[in-house]
Each structure stands twice: as C-alpha cells, then as structure tokens.
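Here are a few exercises to work through with the model open. Try each task before you read its solution.

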Amino acid sequence: MENNIRVRFAPSPTGGLHIGGVRTILFNYLFAKKHNGKFILRIEDTDQSRFVEGAEDYIFNCLSWCGIKADESPRDGGDYAPYRQSERKSIYRQYAEQLVKDGYAYYAFDTSEELESKRQVIENFKYDHHSRQTLRNSLNIPHEAAESLIKEGAPHVIRIKMPKDENIHFTDMIRGEVSFNSSEVDDKVLLKADGMPTYHLAVVVDDYLMKISHAFRGEEWLPSAPVHILLWKYLGWADAMPQWAHLPLILKPNGHGKLSKRDGEKFGFPVYPINWIEPSSGKKADGFLDVGFLPEGFINMLAMLGWNDGTEQEIFSMEELIEKFSMDRIHKVGAKFDYEKAKWFNAEWIKRSTADHLMPYVKPVLSKHGIHDADDEYVKTIIDMVKERCHLIGDFYEQSAFFFTSPDKYDTNAVKPKWNEEKASFFKAFADDLKASEISSSLELETKFKDLADAKGLKTGDVMLPFRIMLVGGKFGPQVFDIAQKIGKAETVARIEKALAAFN
RNA sequence: GGCCCGUUCGUCUAGGGGUUAGGACGUUAGAUUUUCAUUCUAGAAACAGGGGUUCGAUUCCCCUACGGGCUACCA
C-alpha cells in the first residue's frame with residue numbers, strides 16, 4: 001500500500017544518542033510503519049565545532065541493535081539524497097537569500113563577541129524587534145553599504161525578521177492548539193557565518209524538499225516552533241507544511257530536569273543503547289546492551305515511557321507496537337526514568353524468549369568468563385533451566401556457571417555450623433554408591449539420596465543443603481537433583497569428594 | 001525574569017461529572033520451591049491547593065502553588 005506518509009528524524013552526531021533520542025526515533029518509526037509510510041533519517045551535522053568522528057556510525061549501530069531501519073538515510077539511500085546536512089550546504093543559502101529579498105530576513109554583521117558582551121550588560125538581552133534597530137544589520141545601514149560589506153567578505157549571518165505582535169498558532173498532534181506571540185521570539189539566526197544553516201532553516205528546507213508529512217521531535221523544540229511555522233509561510237510553502245508533534249521528555253529519576261548524558265554515571269544506570277565513549281573525557285559509558293538488556297526489553301521499556309494502548313497489557317513486541325500504536329495515546333508529560341522497571345521489562349523478555357533466541361546473547365557472556373567449548377545443545381538446555389531467574393543477560397553466568405565448572409568457593413557458613421561426622425559419612429557412602437550404579441533420571445537420583453539418608457538415620461532436609469553447596473557453591477540455582485543429573489554422575493561424585501575435603 | 005507546556009499511589013500509568021479511583025514496577029506479609037529465583041495470594045500506597053459551574057467535581061472553567069521546557073552563529 002502506497003501513501004504519502006513520510007516521517008523524519010534528524011539526530012546530530014555530536015554526542016552519543018541517548019534514550020530520549022531513541023524514544024523519539026521509536027515513536028517516529030512506529031507511526032510511519034503503522035501507516036505504511038516511510039521513516040526517513042537525516043543527519044544533522046551542521047554544527048561542525050561539535051561534530052564527533054564516528055558518531056554517525058554509532059547512531060546507526062544503535063538503531064540497528066534496536067531493530068529500527070530507516071527507509072531513507074545516508075546509508076540506505078533514497079530519492080532525496082544527500083541525507084547529511086553538511087552535504088546539502090549549497091542548498092540552504094539560496095532560500096535564506098530569498099527570505100532576505102522578500103523582506104522576511106536580513107543580514108546581521110554583529111559578531112558573537114559583541115552580542116555576548118551585550119548579554120552581560122543588558123539583562124535578558126534578545127536580538128528582536130526592539131534591539132535590532134540598534135545593531136549592525138542590513139535593516140539599519142544603507143542597502144549599498146550592506147551589499148559591499150558582503151562583497152568584501154565581511155562575516156555575517158542571516159536572521160529571520162520576526163513580526164511584531166502577531167499571533168502564531170498551530171495544531172500539535174499531541175497538545176492540540178498551541179499559540180505564541182511573535183514578539184516573544186527573537187530573530188533567530190538562519191544561516192551562520194560559516195555558511196551552514198542552523199537547525200531552524202535546515203529543518204524547514206529539508207522537510208519541504210524531502211516531502212515530509214509528519215514532523216515529530218522532542219518537547220524542547222516547542223518554543224521554536226513559531227519560527228518554523230513562519231518560515232514555512234515566508235518561503236511560500238504553507239500548504240505543504242507537515243503536521244507537528246512534540247513528544248514528551250524523559251526526566252531524571254529524581255524529577256529534576258530532563259535526563260542527560262551524564263546522569264548514567266550519577267544514578268548508576270545506562271543512558272545509551274550501546275556503549276559510548278565520551279570524546280571529551282575518553283570515558284566509556286556502558287549502554288543497555290552492555291549491561292545485559294535484550295533489544296526487545298529495551299524497546300518495550302522505552303515505548304511504555306509515555307505511551308500505552310489503553311489496556312493493561314505491558315509487554316509488546318515491535319510488531320505489536322506498530323500495530324497498536326496511536327498518537328493520541330502519547331502523554332503530554334515527561335516521564336521520570338525508573339531503572340527498576342526497565343529491568344523488569346528485560347526479565348520478562350528473557351523469560352519469554354526461547355533458548356535458541358537467547359543463545360547468541362548468552363554465549364559471549366559465558367565465554368567472557370572462560371567457558372568456551374560447551375556444547376550448544378547442552379547450553380540451550382541450561383538456558384531453559386535458568387532463564388526465569390535472570391534479569392539481565394549477565395546473570396546467566398552466575399546462574400549457570402556451576403553447570404560447566406566445579407565451584408572453587410563454598411558458602412561454608414551455610415554448612416559448617418551443622419556439619420558433623422554423620423553427614424560426612426553419608427556423603428562418602430552416597431558417592432561410593434553412585435560410582436557403583438547407573439543413574440538415568442534426576443528422580444532416580446533423588447530416590448537413592450533419600451533412601452540412603454533414611455538408612456543412615458538422617459533427615460533428607462539436613463543433607464539437601466550441604467549437597468547443593470557441594471555442587472553449586474552457594475544457596476541458589478535450580479532443583480539440586482536436576483543439576484546433579486545434568487552435570488553427570490562422574491562430575492557429581494568428583495564434586496562431593498572435593499567438597500568433603502574442603503569441609504573437614 | 002519572560003514565554004510555552006504540564007500536575008492521579010514513591011515511580012510508570014488507566015479512568016473520567018455519580019467508580020470500593022483499576023493495573024504494573026518497587027515495597028510489606030504469607031504460600032509454593034527442603035536453596036535462591038520464578039509463580040501465586042494478600043496488604044500499605046494517589047486525584048497539588050483554593051475558588052467557581054453543577055443536585056453532585058478527581059473529571060469542566062479560573063486562580064495559586066509546584067514541576068518541566070525554551071530563552072546561543074547547539075541541536
């Protein structure tokens with residue numbers, strides 16, 4: 001089915017893509033897919049001073065891990081290439097000049113330093129309809145003078161000339177009617193001195209040229225929406241203007257401000273999908289992938305932060321999200337991030353996943369801890385045995401290491417106080433007994449264990465825990481006889497004998 | 001400061017003129033698991049405040065308070 005829904009997002013490769021950005025992208029993507037439209041990814045790399053090498057790859061890696069693929073992007077191509085703003089530089093100037101010619105914008109020659117010093121002297125200084133008459137711009141100096149200044153190569157920017165006291169209103173898909181008074185908004189720079197456009201110009205020009213139908217972005221853009229609305233009008237494209245949606249922000253867990261990149265370290269949870277090396281400090285910040293999230297759990301958690309389908313369902317796959325997604329159920333308010341709940345989503349996904357699906361995630365974890373050559377089928381049965389007690393992928397190591405290696409340390413506090421000669425002799429006899437017999441099921445093993453305990457005049461309960469400690473090392477793990485059966489008779493005997501030596 | 005957006009358990013949220021205000025995370029207690037986790041059962045826990053409108057307001061309107069966003073030649 002072909003339609004004209006074209007949704008876009010434009011991340012900037014200036015710093016890692018954090019979860020707020022990913023969620024905005026996710027909502028863009030869900031809406032596009034829901035309506036059989038196209039999801040377009042443009043790269044906002046016009047701020048060269050903050051551009052970070054490798055950051056664009058990083059964005060694509062993150063999205064790929066999340067299972068989000070753009071229909072058009074610098075990587076995937078499309079009808080409106082190029083998709084990097086830096087490569088579209090030549091396009092923007094002509095539109096900025098057109099605005100100047102039509103009287104909607106002007107050249108300004110003030111340097112950043114000059115404006116900065118004004119800001120320090122004048123409280124709440126704004127470049128607006130009041131102050132522009134006193135500043136160095138083409139509205140105040142003769143036309144010819146301005147022209148020649150530009151010819152001489154004098155540094156200049158192009159600013160929008162915001163009208164005085166005009167009511168600018170538009171309909172936001174999430175907030176409904178929103179209105180601003182144009183006098184409140186300053187004369188934003190559209191084209192910078194280096195010839196690059198600012199976001200304000202670029203977003204309008206690109207959205208127009210790329211035939212974008214829906215423009216979704218974070219709530220932090222709401223105050224500059226009037227600039228963009230005016231630009232659509234001034235460029236004569238009012239009829240083609242996309243529908244707007246300003247998505248709520250993700251807030252810090254304590255509610256004080258929007259979640260920032262530094263909060264990961266501060267609060268002890270990841271803020272990036274996959275690990276990101278902060279260019280300024282060289283510090284590596286683990287991502288959700290690194291701490292053991294499944295992409296399904298991550299996406300599910302993000303989607304539920306500010307959206308729900310109106311039922312009590314909380315677990316959604318990407319396919320279900322696409323099917324059930326609707327704009328009118330997106331919240332207006334920012335949501336505080338809750339890492340505990342995030343982990344719960346992940347645990348649910350681990351429990352619901354098959355061993356086959358989990359294999360590629362679990363294997364590297366085991367291998368990191370030196371468990372390399374385990375048989376795949378064996379690992380799969382182990383995964384099914386322990387997955388319900390794992391919240392993060394890394395938990396698979398602690399929960400299953402004893403299936404592969406004999407414990408080196410024992411929780412002796414759990415055994416020692418009640419340890420005695422009788423128990424020692426029971427285990428010795430049990431080990432000897434095992435050596436001499438064929439065991440095929442855990443039930444058979446259990447019966448043998450209990451019978452022997454009876455014969456020795458011991459309560460089964462008194463020797464169960466020591467047995468577990470011998471096999472596992474601690475008070476955790478699945479059914480003890482299942483473990484014994486899994487690791488096999490020889491290994492069970494070996495572990496009993498090894499532990500016996502350690503306990504005495 | 002100005003402008004904009006918002007406010008239901010600690011957190012994520014459902015609801016909507018008359019409800020015992022529902023669910024989930026977390027938390028507490030209990031059961032199951034002779035361990036731990038899972039699972040199950042039960043409990044504590046919310047409509048920011050004040051004015052209207054109305055027979056009736058958590059729901060609609062206004063004000064206040066509080067929170068968030070923006071206020072760059074950053075996005």
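**Exercise 1.** By class, how many nonpolar, polar and charged residues does the surface near RNA strand B have?

First, the ground rules: this is a predicted model, where local features need pLDDT of at least 70, side-chain atom pairs count only at pLDDT 80 or more, and totals for chains, interfaces and linings use all residues. Residues are numbered from 1 along each chain as its sequence is written, while chains are lettered from A and ligands numbered from 1 in the order in which they are written.

Step 1: collect the neighbours, meaning residues whose C-beta atom, placed from the backbone, lies within 6 Å of the strand. You get 64 residues around RNA strand B, with Glu 44, Arg 389, Thr 460, Gly 461 and Lys 475 the closest.

Step 2: sort them, with Ala, Val, Leu, Ile, Met, Phe, Trp, Tyr, Cys and Pro as nonpolar, Asp, Glu, Lys and Arg as charged, and the others, Gly among them, as polar. That surface has 22 nonpolar, 19 polar and 23 charged residues.

**Exercise 2.** Find which helix gives the most to the surface near RNA strand B.

Elements here are DSSP runs numbered from the N terminus: helices (H or I, at least four residues) and strands (E, at least two). Contributors of at least two residues each include helix H4 (112-121), helix H12 (339-352) and helix H18 (460-472).

**Exercise 3.** Work out the strand order of the open sheet containing E4.

Strands pair if DSSP finds at least two bridges between them. The order is E3-E4-E7, with antiparallel pairing. Strand E3 (105-108) and strand E7 (189-191) are the edges, each pairing on one side only.
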